[in-house]
Amino acid sequence: MMQITAEGRCRLLENKYKGGDKVRKFRRIALSLVLAVVLLLAVPLATMAANPTVAITVTAQVVSITNTESTWAIGVVAVDAVVYFSATGEQDDDYSMITNTGSVACDVEIQGTDIDGGDYDWTLAAAATNQTYQLYANTEGAPTVYDVEVKSSSYVDLTTDLAVDATWDWSMEFTAPDEFSAADDGGEKTATVTLVASKHV
Amino acid sequence: MKKKILIGVLVVALAAAGYLIAASHYLVYDYFRLYVPELDPNEGVGIWESEVGVLGNPGGANSRFLTFLNGKDADRTFYITLQSPNPDKLPLGYEPLPLEYYDWFTLPDEGIPVKAGGYCRAKITVEVPCDTDYLDKNAVVKVQGVGFDPSGYAQLGAASIWYIVVTATEE
């Protein structure tokens with residue numbers, strides 16, 4: 001039978017307490033870590049639960065277009081004159097070209113504006129009448145038919161599902177008002193059309 | 001004792017750093033995505049974010065930047081507006097966001113000048129009123145930027161399509 005001396009008992013107790021210190025130290029560190037993790041998770045979760053949210057997710061794809069012709073000088077026009085979007089004013093159905101330079105297929109819409117300038121503005125409408133002009137673009141598959149009515153109030157489709165790197169030729173037909181105001185000073189008038197691309201869905 | 005304090009400080013510092021990184025991951029994401037090669041525009045006008053999904057509760061608000069790309073062909077000023085989508089081209093079950101809810105959006109109220117070959121980032125904020133009655137609908141609106149070139153007749157723009165669902169149930 002082994003006998004434990006008083007000195008040995010002291011050593012055993014010392015070791016026991018030393019070990020206990022280590023365990024306590026470890027427990028403290030572990031507890032701190034657990035508390036930190038709980039805080040890390042709990043604060044945002046508590047915030048989310050307490051407040052209404054708006055989550056926004058984004059699809060990162062480039063929608064991008066170019067167009068070859070950006071200017072159009074119509075020149076002096078007579079009543080009811082028809083002028084085409086081309087270098088000469090004559091009909092040229094593929095005068096301008098849109099290219100899809102983005103990373104996804106896109107739709108391209110068009111919108112026009114009234115013509116401002118001089119003493120009297122000209123309003124863009126479906127038919128050319130007094131102080132009102134009309135603007136139509138041509139369509140895919142029937143390029144000589146100008147049946148896309150360009151409006152000032154909303155965008156309308158010019159082309160849809162244009163593939164990446166694909167091109168689209170187009171032009172426009174302008175018809176001057178069938179009656180001008182005699183009081184108009186004949187000053188220069190300006191307008192714009194806007195082509196906007198968005199992802200084809 | 002000093003060791004314990006040091007360990008405690010370290011743990012708190014690590015926790016704070018982790019929280020900050022987690023909370024700002026969108027900023028980190030935004031920072032890095034500025035350098036993707038696709039953002040090198042050639043000509044014309046483009047947008048980086050083709051589609052955006054918004055899922056919100058009444059009283060909630062959030063913001064997002066849209067990146068408009070300007071080609072190397074001209075200096076342009078970008079004007080950001082909301083446009084109603086063509087109802088015939090929407091996914092099944094979606095409708096154009098009615099005009100009366102356009103004031104949920106805050107857009108840049110002035111044009112953003114962008115040099116040829118550059119880009120701009122427009123902050124779009126969506127704020128859903130607490131008392132909205134427009135709940136559990138699938139709505140679509142376009143956020144578009146037209147790059148106005150004063151020398152041009154045909155202006156170019158690009159739009160991102162925003163899909164919006166507001167529900168009373170908090171996510």
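Trainee: Is A:Asn67 buried or exposed, and why?
Mentor: A:Asn67 counts as buried because it has 22 C-beta neighbours inside 10 Å. Buried means 20 or more other C-beta atoms within 10 Å of a residue's own, exposed means 12 or fewer, and partly exposed is in between, with C-beta atoms placed from the backbone. This is a predicted model, where local features need pLDDT of at least 70, side-chain atom pairs count only at pLDDT 80 or more, and totals for chains, interfaces and linings use all residues. Residues are numbered from 1 along each chain as its sequence is written, and chains are lettered from A, with ligands numbered from 1, in the order in which they are written.
Trainee: Okay! Which residues does A:Asn67 touch?
Mentor: Leaving out residues up to four places away in sequence, A:Asn67 touches A:Ser96, A:Ile98, A:Leu195, B:Gly44, B:Ala154 and B:Leu156. Contact means that the C-beta atoms, placed from the backbone, lie within 7 Å.
Trainee: And which strand does A:Asn67 lie in?
Mentor: A:Asn67 lies in strand 1 of chain A. Strands here are DSSP runs (E, at least two residues), numbered from the N terminus.
Trainee: How many bridges join that strand to strand 1 of chain B?
Mentor: 10 bridges join them, and the two strands run antiparallel. For instance, A:Thr57 has B:Gly53 as its bridge partner.
Trainee: Switching topic, where does pLDDT stay under 50 in chain B?
Mentor: Over residues 25-37. pLDDT is the predictor's confidence in each residue, from 0 to 100, and chain B averages 86.

Definitions and conventions
Two residues are in contact if their C-beta atoms, placed from the backbone, lie within 7 Å. Two strands pair if DSSP finds at least two bridges between them. Helices (H or I, at least four residues) and strands (E, at least two) are DSSP runs, numbered from the N terminus.
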